[in-house]
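Me: Hi, I have a structure open and want to walk through it. Can you help me read it?

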Amino acid sequence: YSVPEEGRMEAQKGDRITVESNKVGGGSRTGEVVEVTPGSGGDHYRVRWDDGRETIYFPSGDAHLARGN
């Protein structure tokens with residue numbers, strides 16, 4: 001993945017995203033980016049989480065990306 005000068009995260013379809021909980025003992029969730037939608041405030045992503053749910057995710061500082069295959 002790349003991080004532009006503004007510090008925003010840029011993912012591509014197929015990348016894996018992990019979001020750490022901001023609560024003690026909250027764990028983390030992991031999923032695959034299935035769609036990238038550009039926006040004026042930064043990209044947002046449709047993510048298929050490992051539990052089968054799909055949501056629109058707006059990245060924050062608690063997210064980490066790994067390049068997909």
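Me: Let's start with histidine 44. Which strand is it in?
Reply: Histidine 44 is found in strand S3. Strands here are DSSP runs of E with at least two residues, and helices are runs of H or I with at least four; both are numbered from the N terminus.

Me: Where do these values come from?
Reply: This is a predicted model: local features need pLDDT of at least 70, side-chain atom pairs count only at pLDDT 80 or more, and totals for chains, interfaces and linings use all residues. Residues are numbered from 1 along each chain as its sequence is written, and side-chain values use heavy atoms, with hydrogens and water left out.

Me: Back to histidine 44. Buried or exposed?
Reply: Histidine 44 is buried, with a relative accessible area of 17%. Buried means under 20% relative accessible area, exposed means over 50%, and partly exposed is in between (1.4 Å probe, protein chains only).

Me: What does histidine 44 touch?
Reply: Leave out residues up to four places away in sequence. Then histidine 44 touches Glu35, Val36, Thr37, Pro38, Ile56, Tyr57, Phe58 and Pro59. A contact means heavy atoms within 4.5 Å.

Me: Zoom out. How many helices and strands does the protein chain have?
Reply: Zero helices and five strands. From the N terminus on, the elements run β-β-β-β-β.

Me: And how much of the chain is buried?
Reply: Buried residues make up 25% of the 69 residues in the protein chain.

Me: Which residues form the largest nonpolar core?
Reply: It has eleven residues: Met9, Ala11, Ile17, Val19, Val33, Tyr45, Val47, Trp49, Tyr57, Ala63 and Leu65. S3 gives the most, with three residues.

Me: What counts as a nonpolar core?
Reply: A set of buried Ala, Val, Leu, Ile, Met, Phe, Trp, Tyr and Cys residues, joined through side-chain atoms within 4.5 Å.

Me: Let's look at S1. Which residues are on its covered face?
Reply: Ile17 and Val19 are on the covered face of S1. Arg16, Thr18 and Glu20 are on the uncovered one.

Me: How does S1 pair with S2?
Reply: S1 and S2 (residues 28-37) pair in the antiparallel sense over five bridges. Two strands pair if DSSP finds at least two bridges between them. Isoleucine 17 stands opposite glycine 31 in S2.

Me: How many bridges join S1 to S5?
Reply: Four bridges, and these two strands run antiparallel. Threonine 18 has histidine 64 as its bridge partner in S5. Valine 19 stands opposite alanine 63 in S5.

Me: What about the faces of S5? Which residues are covered?
Reply: Ala63 and Leu65 are on the covered face of S5, while His64 and Ala66 are on the uncovered one. Leucine 65 is buried, at a relative accessible area of 10%.

Me: What else does valine 19 contact?
Reply: Set aside its neighbours within four places in sequence. Valine 19 is then in contact with Gly27, Ser28, Arg29, Trp49, Tyr57, Asp62 and Ala63.

Me: New topic. How many aromatic pairs are in the whole structure?
Reply: A search finds one. Tryptophan 49 and tyrosine 57 form it, edge-to-face, with 6.1 Å centre to centre and 90 degrees between the planes.

Me: What are the cut-offs for that?
Reply: Rings of Phe, Tyr and Trp (its six-membered ring) pair if their centres lie within 6.5 Å. Planes under 30 degrees apart count as stacked, over 60 as edge-to-face, and the rest as tilted.

Me: Is tryptophan 49 buried or exposed?
Reply: Tryptophan 49 counts as buried, at 2% relative accessibility. Tyrosine 57 also counts as buried, at 8%.

Me: What lies over the face of tryptophan 49?
Reply: Arginine 29, at 4.0 Å from the ring centre. A charge sits over a ring if NZ of Lys or CZ of Arg is within 6 Å of the ring centre and within 35 degrees of the ring normal.

Me: Last one: aspartate 15. Where does it lie?
Reply: Aspartate 15 lies in the segment before S1. It is buried, with a relative accessible area of 1%. A polar atom of its side chain lies 2.8 Å from the backbone nitrogen of glutamine 12.

Me: How far is aspartate 15 from leucine 65?
Reply: Their C-alpha atoms are separated by 6.7 Å, and the two residues are 50 residues apart along the chain.

How values were computed. A polar contact is a pair of N or O atoms within 3.5 Å; within protein, one must be able to donate a hydrogen and the other to accept it, and residues adjacent in sequence count only if both atoms are side-chain atoms.
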